[in-house]
Amino acid sequence: MNSRFAVVALATAVLAACASQPRPLQGEFNPITPRDATTGDSTGAMVRWGGRVVAVEPQTDRTCFEMISTRLDTYGRPYWASDDTGGRFLACRVGFYDPALFQVNREVTFTGRVAGYESRRIGQYDYRFPKVEADVVYLWPVRDRVDVITRPAPWPWWGWW
């Protein structure tokens with residue numbers, strides 16, 4: 001009986017180690033992107049979208065995020081590349097999310113349902129934003145920036161020998 005418990009505990013630990021995404025971001029989601037959602041009507045679709053914060057708008061009973069979408073890596077984290085965008089979207093969640101914490105360019109992943117669309121202006125352009133009623137707002141830690149500095153070899157005669 002004790003060995004059976006040990007086997008079950010070991011199997012559970014192994015399966016948990018295989019999970020690549022944080023638990024709140026796991027699940028089955030529609031593979032559409034915000035750009036795909038703007039071309040048709042995807043209202044009601046369960047999505048997992050992420051990207052970088054453009055603006056945060058605290059309201060009386062909820063907070064809305066204007067986001068620039070990027071693809072997600074295997075962990076569900078937004079892929080950081082300035083030219084790899086998938087459109088923009090709005091995500092709203094009940095409660096207060098502090099704009100001092102959710103600053104411009106912070107990486108956030110949301111899960112929830114597409115609840116409709118909202119037209120807003122970006123400069124002089126009218127843009128149709130898909131709007132997500134978020135179940136999960138996952139703020140990722142700030143990435144450490146590493147500057148790699150290369151120096152020449154210490155002696156000019158440093159060679160292949």
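**Entry 1: salt bridges.** My working rule first: I call it a salt bridge when a side-chain nitrogen of Lys or Arg lies within 4 Å of a carboxyl oxygen of Asp or Glu. This is a predicted model, so I am going by computed coordinates throughout. The background is simple: side chains of opposite charge can pair when their charged atoms come close. With that rule I get nine salt bridges.

Which strand holds Arg-120, and which holds Glu-57? Arg-120 lies in β4, residues 107–122, and Glu-57 in β1, so this pair ties together parts 63 residues apart in sequence. The closest N and O atoms of Arg-120 and Glu-57 are 2.8 Å apart.

Arg-120 also forms a salt bridge with Glu-66, where the closest N and O atoms are 3.7 Å apart. That pair links distant parts of the chain too, from Arg-120 in strand β4 to Glu-66 in strand β2, 54 residues apart.

Glu-118 is another partner of Arg-120, with the closest N and O atoms 2.8 Å apart.

Entry 2: Glu-57 has 24% relative accessibility and counts as partly exposed. Glu-118 has 24% as well, and I put it down as partly exposed. Glu-66 comes out at 11% relative accessible area; buried means under 20%, so Glu-66 is buried.

Then I followed the shared partners. Which residues do the salt bridges join into one network? I noted Glu-57, Glu-66, Arg-88, Glu-118, Arg-120 and Lys-131.

**Entry 3: the disulfide.** I found one disulfide in the structure. Cys-64 and Cys-92 form it, and I read 2.0 Å between their sulfur atoms. Cys-64 sits in strand β2 and Cys-92 in strand β3, so to speak a link between distant parts of the chain, 28 residues apart. The angle about the S-S bond is 110°, and the link is right-handed. Both Cys-64 and Cys-92 are buried.

**Entry 4: the largest pocket.** Next I looked for empty space. Rolling a probe the size of a water molecule over the atoms shows where such space is left. The largest pocket holds about 270 Å³. I listed 19 lining residues, and the closest to the pocket centre are Pro-31, Ile-32, Arg-48, Trp-49 and Leu-72. Which elements give two or more residues to this lining? They are β1 (46–58), β2 (62–70) and β3 (85–94). Sorted by class, the lining has six nonpolar, nine polar and four charged residues.

**Entry 5: the second largest pocket.** I put this one at about 200 Å³. Its lining includes Arg-77, Trp-80, Asn-105, Arg-106 and Glu-107, and also Trp-140, Pro-141, Val-142, Arg-143, Asp-144 and Arg-145. The class count for this lining is four nonpolar, one polar and six charged.

Entry 6: Most residues other than glycine have a negative phi. Phi of Asn-105 is near 75°, a positive value in a residue other than glycine. Where is Asn-105 found? I placed Asn-105 in the loop between β3 and β4. With a relative accessible area of 43%, Asn-105 is partly exposed.

How values were computed
Residues are numbered from 1 along each chain as its sequence is written. This is a predicted model: local features need pLDDT of at least 70, side-chain atom pairs count only at pLDDT 80 or more; totals for chains, interfaces and linings use all residues. Side-chain values use heavy atoms; hydrogens and water are left out. On a 1 Å grid over the protein atoms alone, a cavity is a set of points where a 1.4 Å probe fits but cannot get out, and a pocket is an open set with protein on both sides within 12 Å along at least five of seven lines; lining residues have an atom within 4 Å of a point. Grid points are joined across faces, edges and corners, and a volume is the space filled by probe spheres set on the points. Helices (H or I, at least four residues) and strands (E, at least two) are DSSP runs, numbered from the N terminus. Ala, Val, Leu, Ile, Met, Phe, Trp, Tyr, Cys and Pro count as nonpolar, Asp, Glu, Lys and Arg as charged, and the others, Gly among them, as polar. Buried means under 20% relative accessible area, exposed over 50%, partly exposed in between (1.4 Å probe, protein chains only). A disulfide is a pair of cysteine sulfur atoms within 2.5 Å.
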